[in-house]
Amino acid sequence: MTEERAKYVVGRVELAPNPFDAAMALLAKKSGSGLEAAFERQLLALGCPAPVRQFRFAPPRRFTADFAYPDHPRHLLIEIEGATWARGRHTRGGGYARDCLKYNLAGINGWLVLRYTADMVGDWSAARQVAELLGVRYE
């Protein structure tokens, strides 16, 4: 991918470098599961190994991460945070407090937690960062 490629705009929001990505980002903004599916497709398109989805990282607690690479030396957990601009669960008091507990527990137990917004999925920066961390060469 090159930075020179034109970006597509829906309304006043710059979404992605091509029509497919723009459509995926728009769908992702409407559905958390769509956002996660878009992110996973991006990882695979860049040549990353498939992550574990909905990984339960702290039994007996019921906390799960959207994605994980449990066999990676840094023990990666990946969270896709939807509705960050719409007062979604992750940005309101109770949801935010629960997320703090969850992410702190992950860190205490040796997990590296990466958090991404819908915009970061939409412009592929989230997937590119994970690919770089995994040592995947793409272009």
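Tutor: His-72 counts as buried, since its relative accessibility is 17% and the term buried covers values under 20% relative accessible area, with exposed meaning over 50% and partly exposed the range in between, for a 1.4 Å probe and protein chains only. The model is a predicted one, in which local features need pLDDT of at least 70 and side-chain atom pairs count only at pLDDT 80 or more, while totals for chains, interfaces and linings use all residues. Residues are numbered from 1 along each chain as its sequence is written, and side-chain values use heavy atoms, with hydrogens and water left out.

His-72 sits in the loop between E4 and E5, where helices (H or I, at least four residues) and strands (E, at least two) are DSSP runs numbered from the N terminus. Once its neighbours within four places in sequence are set aside, His-72 is in contact (heavy atoms within 4.5 Å) with Leu-133 and Leu-134. His-75 is found in the loop between E4 and E5 as well, but at 33% relative accessibility His-75 counts as partly exposed, and its phi is near 50 degrees, a positive value in a residue other than glycine.

From this loop we can turn to the core. In soluble globular proteins, nonpolar side chains tend to be buried together. Val-130, leaving aside its neighbours within four places in sequence, is in contact with Phe-39, Leu-43, Tyr-69, Ile-78, Leu-114 and Tyr-116.

Aromatic rings deserve a separate look. Rings of Phe, Tyr and Trp (its six-membered ring) pair if their centres lie within 6.5 Å, and planes under 30 degrees apart count as stacked, over 60 as edge-to-face and the rest as tilted; by this rule there are 4 aromatic pairs. In one of these, the centres of Phe-39 and Phe-67 are 5.2 Å apart and the planes stand at 55 degrees, so the pair is tilted. This pair links distant parts of the chain, because Phe-39 belongs to helix H2 (residues 32-45) and Phe-67 to strand E4 (residues 64-69), 28 residues apart. Phe-39 is buried at a relative accessible area of 0%, and Phe-67 is likewise buried at 0%. Through ring pairs, Phe-39, Phe-67 and Tyr-116 are joined into a cluster.

Another loop, the one between H4 and H5, contains Trp-124, which is buried at a relative accessible area of 8% and has a positive phi of about 70 degrees although it is not a glycine.

Across the chain, there are 5 helices and 6 strands, and buried residues make up 40% of the 139 residues.
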